[in-house]
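This briefing sets out the architecture of one protein model, topic by topic. Please read it alongside the sequence and coordinates shown here.

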Amino acid sequence: MKINHLGIATKDIDNALRFWEGSLGLENVHTEVVEDQKVRVAMLPIGESRVELLEPTSDDSPISKFLEKRGGGIHHIAVEVEDINAALDRMKAAGAELIDKAPRIGAEGCLVAFVHPRSSGGVLLELVQTVK
Ligand code: CO
């Protein structure tokens, strides 16, 4: 396993890029709207991982709710697995509370599934299986 990306919620990606690109020096290599999750994402590689900036595309986006409650900041950690269905089965059998019982299509066509922060002591976990 490895950290595929860190999901960071922001009201405004263009403004956030002033810090992550302009100040820190990362490069935004991919921007995409993920309709299913009602977000616009920007991907900035850092080592073998990436920073994923998330901006809501509507008021009922999960990111809108997060921004209202907590302002911007780290929203989730995404762990890359070889076989997302096997990972979900394993976590379910071990008692973890799954938000997605089956994988969905995420950014760049990856398979993704979220695990509830109640299971992990407050961290929203995203499982990712990349398309090979
Ligand atoms: Co993510």
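**Helices on the sheet**

The model is a predicted one.

**Sheet architecture**

- Eight strands form an open sheet with mixed pairing, and their order is E2-E3-E4-E1-E5-E8-E7-E6.
- The edges are strand E2 (30-34) and strand E6 (104-105), each of which pairs on one side only.
- Strand E5 (residues 73-80) pairs with strand E8 (residues 125-129) in the parallel sense, over four bridges.
- Within that part of the sheet, glutamate 80 has valine 128 of E8 as its bridge partner.
- E7 and E8 run antiparallel and are joined by five bridges; here valine 112 stands opposite valine 128 in E8.
- E6 and E7 pair in the antiparallel sense over two bridges, and isoleucine 105 has leucine 111 in E7 as its bridge partner.
- E6 and E7 form a hairpin with five residues between them, and glutamate 108 in the turn has a positive phi of about 60 degrees.
- Four of the five residues of E7 are buried, so this strand is largely enclosed by the rest of the structure.

**Helix H1**

- The buried residues of H1 are Ile13, Ala16 and Leu17.
- Viewed down the axis of H1, these buried residues fall within an arc of 105 degrees, so they line one face of the helix.
- The cover over the buried residues of H1 includes E3 and E4.
- Arg18, Gly22 and Ser23 are exposed on the other side of H1.
- At the start of H1, a side-chain oxygen of aspartate 12 reaches to within 3.0 Å of the backbone nitrogen of aspartate 14.
- After H1 comes glycine 25, which has a positive phi near 100 degrees.

**Helix H3**

- The buried residues of H3 are Ile84, Ala87 and Leu88.
- Viewed down the axis of H3, its buried residues fall within an arc of 100 degrees, so they line one face of the helix.
- E7 and E8 are among the elements that cover the buried residues of H3.
- The face of H3 turned away from its buried side carries the exposed residues Asp89, Arg90 and Ala93.
- At the start of H3, a side-chain oxygen of aspartate 83 reaches to within 3.1 Å of the backbone nitrogen of asparagine 85.
- Glycine 95 follows H3 and has a positive phi, near 100 degrees.

**Nonpolar cores**

- The largest nonpolar core has 11 residues in all: Val79, Val81, Ile84, Ala87, Leu88, Ala96, Leu98, Ala113, Val115, Leu125 and Leu127.
- H3, E7 and E8 are the elements that give two or more residues to this core, and H3 gives the most, with three residues.
- Leaving aside its neighbours within four places in sequence, leucine 98 is in contact with Leu88, Met91, Lys92, Phe114 and Val115.
- A second, separate core of 10 residues includes Ala9, Met43, Phe66 and Ala107.

**Isoleucine 8**

- Isoleucine 8 is located in strand E1 and, with 11% relative accessibility, counts as buried.
- Isoleucine 8 and histidine 76 are 68 residues apart in sequence, while their C-alpha atoms are 7.1 Å apart in space.
- Apart from its neighbours within four places in sequence, isoleucine 8 is in contact with Trp20, Val51, Glu52, Leu53, Leu54, Gly73, Ile74 and His75.

**Aspartate 100**

- Aspartate 100 lies in the loop between H3 and E6.
- The residue counts as buried because the relative accessibility of aspartate 100 is 9%, which is under the 20% cut-off.
- A polar atom of the aspartate 100 side chain lies 2.8 Å from the backbone nitrogen of phenylalanine 114.
- Leaving aside its neighbours within four places in sequence, aspartate 100 is in contact with Leu88, Ala113 and Phe114.

Conventions
Residues are numbered from 1 along each chain as its sequence is written. This is a predicted model: local features need pLDDT of at least 70, side-chain atom pairs count only at pLDDT 80 or more; totals for chains, interfaces and linings use all residues. Side-chain values use heavy atoms; hydrogens and water are left out. Two strands pair if DSSP finds at least two bridges between them. Buried means under 20% relative accessible area, exposed over 50%, partly exposed in between (1.4 Å probe, protein chains only). Contact means heavy atoms within 4.5 Å. The arc is that of the directions from the helix axis to the C-beta atoms. A polar contact is a pair of N or O atoms within 3.5 Å; within protein, one must be able to donate a hydrogen and the other to accept it, and residues adjacent in sequence count only if both atoms are side-chain atoms. A nonpolar core is a set of buried Ala, Val, Leu, Ile, Met, Phe, Trp, Tyr and Cys residues joined through side-chain atoms within 4.5 Å.
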